[in-house]
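Please look at the structure first, then read the points below.

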Amino acid sequence: MLSNKHARRGAILSVLALFLVACLAVPGIRGVIANAANDIKGITVHYFNDDVQDDGIDTNNYNFGPDRYKPATEAVKKGEAAEVVTYIATKDGTGDFFESIKVDPALCAAIALDMDERLAFDEKILTDEQNVVIGQRADEAHKHFLRDHAYWERAVKLITERLTSGEITLQEINTYTSSMYQWHNGLEGNKPAVIVRNSHNSGGHFIQFNLGKPGVVKYRLECGYQPVDTDEYWPTPDKPPIPDNPTPPDPPGGGDPELEPKDPDAGPQAQVPDNTPGKEDFGGGQNHDPITTITEEPQSPSAYTPPAAPAEQPREEGKTSDGKPDASTGTQSGSRIVDDTNGKTETHGGQDYTVQAGDGQSHTDLGEVQQQHSHDTVEEPVKDDGVNEGDLDESAVE
């Protein structure tokens, strides 16, 4: 039986010493694996779900463990790993993923269940739990691992052999609909239980194992190698929902990228050979003789004088100043149609015709009519036409 977290902290020195020896015996154990472990009958056990209970982050308490992407990027920055993917898993069976399933039986059972359901292999990893309902299978395998270490070691061996037989890549998450989670102390009161819940995609990264014909599996780094899209084989309950909003990891290298300071000698001067005569005239170096006078803003003038109008051009007789015919001179008819068209020849149906515009009669020029117009010449309204008010014969109206 596992002791609770407080009992583990108070373990006797002899057990602690045995644990330290066991950790040293496992090559490459690093990062989040280096604390909160147990020794049960000579087996080193570390539940990574315990690590996220006291980290001050409320939204990750159901994760399989701490964020694995962040320490991977830090290892790359320090030169401890060539790239993130090789920190997580390599073709020779090393890496944080494979080391984790050796010490966390709940994680190992969940990964084994997911691989059994997704990959096409004749031999199942969890051979003894195939008749257990899907919702209890990982927990039963977890307890089986603790009773029978050889059964656990066999599962680790099959997982490693199968996942290293294909291509291992790092993938960015685009979407998923459900995930496995761990319920803290949900199994026997002191072990994490494996459950599934609906999820909200909040981004992150997968470690993907593409085995070709057998299939593909992928596990989310930000949630401690959490299997996702589990509704393909494990029905997902509607409630209760599980919060899924891990803290976004820092960019590779950690923190905000630092800007390189400007090099005052990196301008044109730096591109001129040192032995060039007059190189100092090419610029570069620190600024010198800066202009400190403030340029005043332009002001609008207090008064505005419009430009002079263009001089009036002399006009031809019979035309206005803009060159158009002037009907007021008496040289034109007052009708543009008559002036432009009368007397011209047009051809229709192969026969020529002389255009006769207007009615052929002489009319008073329209300009003259306008000039002679006055109130006295306006015709008064018709009155005294012999029909008085009341005399209208309504029968004559049709």
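Is Y219 buried or exposed? Y219 is buried, at a relative accessible area of 0%; buried means under 20% relative accessible area, exposed over 50% and partly exposed in between, with a 1.4 Å probe and protein chains only. The model is predicted: local features need pLDDT of at least 70, side-chain atom pairs count only at pLDDT 80 or more, and totals for chains, interfaces and linings use all residues. Residues are numbered from 1 along each chain as its sequence is written, and side-chain values use heavy atoms, with hydrogens and water left out.

**Ring pairs**

- Rings of Phe, Tyr and Trp (its six-membered ring) pair if their centres lie within 6.5 Å; planes under 30 degrees apart count as stacked, over 60 as edge-to-face and the rest as tilted.
- Nine aromatic pairs are counted by this rule.
- F97 and Y219 are stacked, because their ring centres are 5.9 Å apart and their planes lie at 10°.
- This pair links distant parts of the chain, 122 residues apart: F97 is in helix α6 (residues 96-103) and Y219 in strand β7 (residues 216-220). Helices (H or I, at least four residues) and strands (E, at least two) are DSSP runs, numbered from the N terminus.
- F97 is buried, with a relative accessible area of 0%.
- F145 and W152 are also stacked, with centres 6.0 Å apart and planes at 15°.
- F145 is buried at 0% relative accessible area, and W152 is buried at 1%.

**Cluster**

- One aromatic cluster is formed by F97, F98, F209, Y219 and Y225.

**Charges over rings**

- A charge sits over a ring if NZ of Lys or CZ of Arg is within 6 Å of the ring centre and within 35 degrees of the ring normal.
- R68 lies over the face of F48, 4.3 Å from the ring centre.
- R162 lies over the face of F121, at 4.3 Å from the ring centre.
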